[in-house]
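Subject: Structure handover

Hi,

Here is the structure for you to look over. My notes on it follow below.

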Amino acid sequence: MSRDQLAERADAIARRIVGSGPLAVDATSTLATVVAVVAGMAAGVAVVPVPPDSGPIERGHILRDSGAVAVLGEANWPEVKLPHIDLDAVDVTALDAGHLLEPPDSSTALIMYTSGTTGAPKGVVLSRKAIAAGIDGLADAWEWTCDDVLAHGLPLFHVHGLVLGVLGALRVGCRLVHTGRPTPAAYAAARGSLYFGVPTVWSRVCAEPNAARELAHARLLVSGSAPLPVPVFESLRSLTGHAPIERYGMTETLITLSTRARGERRAGWVGTPIDGVTTRLVDDAGFEVPHDGETIGELRVAGSTLFDGYLNHPDATADSFDDGWFGTGDAAVIDPDGFHRIVGRQSIDIIKSGGFKVGAGEVESALLTHPAVHEVAVVGLTDDDLGQRIVAFVVGDTVESSVLVAHVAGELSAHKRPREIRFVAELPRNSMGKLQKSLLR
Ligand code: MLC
Ligand code: AMP
């Protein structure tokens, strides 16, 4: 689809939805999703991307909590009673040619759902100006221009695939090749100059050296959303001739740290703040720790790329900030040159599997609704392919593991299913009766 065709279709839809409340989009990896999201942005209407594989419980929560008033485009959600807005029902040639007014910078562009340590996922409210600042900072860091061809196959319901991977290409004005799925063969065939992937994607690319070698012609290979293992960094460098760019971010903050197109790329390190962002590293009492490359603190960030808050959760929003600094919950070190390294999550209850963030509590709640499950503890165990894999320790009646995995799939997104169920006689607890998850790890 050309830029003009996209603009024309999005503009026609935008005229019909202008002034609407939030609109949900079944965020499949299709052009229809791109058209719907761009139409929402052109109209100044908040778009709520819904994971296509979310089960009815997760989907119901997202639709209710976001206050979505309709579904923009097709969605096969039998239980959902919201009206649908057909993307094709407009005769674009019949519309008057006047321009829509540019929505205010502060208006909400996207509401994206992200898991926390407890409870159901929260809606992260992202403004147009945060998205613009985030993309401009990355364009500067990566010398990303309209001459690039961006290639990736990441899902369009998270920041990585949608904000960087679609809106980034549109704002910079470069061509985008979405490969459907992020497989090594598809990446090899895409002939991009700039590639995005999560570490699992890069590790799978390295496992297919012939596909990896096809990426030698690219300008930059970029990794993010989870820690890139040092051996994968080294293997990418030897197979493609490119040391990957590593960048770090969160749904709430967009991308805040990155190495540079022209600058050092150090395995295991995510570089320095992008333009418009500042960082601090603090101890448990909130005091700054030295930037000596060794002392670990919690990473806090501030700047123009931050979200506006968690929808309907003013308390959680307030708790996540300290004096204007957003607490990432990630433990990090900073070296004397300002290079950052992420050393881990502070909470054992946040799992990153294949680059997807999963709250242990959400999976535990889903499992506890099965009658055979009496007690459960979910943890992320180290996994060569996925970074972490979801494992559930269950106390309960005898039942096939596959039954419990399918039960979770019936409620939540597919990637939230445990990869493994381990039946145990009891869960480890301390003398106060508190669960000791670290012993399970
Ligand atoms: C998975 N499968 C299971 C299962 N889990 N089957 C049974 N039981 C389970 N528990 C199935 C899958 O459905 C799939 O089936 C097959 O097993 C392989 O699954 P997989 O190993 O997960 O591979 P794949 O589906 O290829 O997914 C890997 C991946 C994916 C890397 C492509 O994890 C992915 O797209 N990750 C990107 C996440 C992302 O974009 N995060 C950004 C967050 S934003 P089948 O039949 O389908 O083959 C953010 C901010 C920032 O973090 O900094 O960017
Ligand atoms: P999400 O909420 O899905 O946006 O996930 C954000 C989390 O992903 C961060 O808090 C980090 O824990 C992790 N993350 C993202 N990028 C990186 C990276 N380059 N290295 C290590 N962890 C990362």
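This is a predicted model: local features need pLDDT of at least 70, side-chain atom pairs count only at pLDDT 80 or more; totals for chains, interfaces and linings use all residues.

**Aromatic pairs**

Phe321 has a ring partner. The rings of Phe307 and Phe321 have centres 5.9 Å apart, with 15° between their planes, so the pair is stacked. The cut-off behind that label is under 30 degrees. Phe307 is buried, because its relative accessible area is 5% and the limit for buried is under 20%.

Ring pairs also join Phe307 and Phe321 to Tyr310 and Phe326, giving a cluster of these four residues. A second case involves Trp325: Arg280 lies over its face, 5.4 Å from the ring centre.

The count of aromatic pairs comes to 10. One of them is Tyr187 with Tyr195. That pair is tilted, at 5.5 Å centre to centre and 35° between the planes. Tyr187 is buried, at 0% relative accessible area. Tyr195 is buried too, at 0% relative accessibility.

**Ligand 1**

The shell around ligand 1 holds 21 residues. The closest are Ser225, Arg247, Lys352, Gly354 and Pro418. By class, the shell divides into 8 nonpolar, 7 polar and 6 charged residues.

- A polar side-chain atom of Arg247 is 2.7 Å from an oxygen atom of ligand 1.
- A polar backbone atom of Gly355 is 2.9 Å from a nitrogen atom of ligand 1.
- A side-chain N or O atom of Arg181 is 3.1 Å from an oxygen atom of ligand 1.

On its own, ligand 1 exposes 1,100 Å², and the protein buries 71% of that. Helix H5 (159–172), helix H7 (199–206) and E11 are the elements that give two or more residues to this shell.

**Ligand 2**

Ligand 2 is surrounded by 15 residues. Arg247, Thr251, Asp330, Arg345 and Lys352 are the closest. The shell has 6 nonpolar, 4 polar and 5 charged residues.

- A backbone N or O atom of Arg247 is 2.8 Å from a nitrogen atom of ligand 2.
- A polar backbone atom of Ser225 is 3.2 Å from a nitrogen atom of ligand 2.
- A polar side-chain atom of Thr114 is 3.3 Å from an oxygen atom of ligand 2.

Ligand 2 has 500 Å² of accessible area on its own, and the protein covers 93% of it. Strand E11 (245–250) and strand E19 (340–345) each supply at least two residues of the shell. E11 gives the largest share, 4 residues.

**Backbone and loops**

Ser225 deserves a look for its backbone. Its phi is near 90°, a positive value in a residue other than glycine. Ser225 lies in the loop between strand E10 (220–223) and helix H9 (230–240).

Arg191 also has a positive phi, near 50°, and is likewise not a glycine. Arg191 lies in the loop between helix H6 (184–190) and strand E9 (194–197). Its relative accessible area is 48%, so Arg191 is partly exposed.

Last, Gly271. Gly271 is in the loop between strand E12 (254–258) and strand E13 (272–273). Gly271 is buried, with a relative accessible area of 0%. From Gly271 to Ala316 the separation is 45 residues in sequence and 29 Å in space, C-alpha to C-alpha.

Best wishes

Methods
Residues are numbered from 1 along each chain as its sequence is written. Chains are lettered from A and ligands numbered from 1 in the order in which they are written. Side-chain values use heavy atoms; hydrogens and water are left out. Rings of Phe, Tyr and Trp (its six-membered ring) pair if their centres lie within 6.5 Å; planes under 30 degrees apart count as stacked, over 60 as edge-to-face and the rest as tilted. Buried means under 20% relative accessible area, exposed over 50%, partly exposed in between (1.4 Å probe, protein chains only). A charge sits over a ring if NZ of Lys or CZ of Arg is within 6 Å of the ring centre and within 35 degrees of the ring normal. A residue is near a molecule or strand if one of its heavy atoms lies within 4 Å of it. A polar contact is a pair of N or O atoms within 3.5 Å; within protein, one must be able to donate a hydrogen and the other to accept it, and residues adjacent in sequence count only if both atoms are side-chain atoms. Accessible areas come from the Shrake-Rupley method with a 1.4 Å probe; for residues, only the protein chains shown count as cover. Ala, Val, Leu, Ile, Met, Phe, Trp, Tyr, Cys and Pro count as nonpolar, Asp, Glu, Lys and Arg as charged, and the others, Gly among them, as polar.
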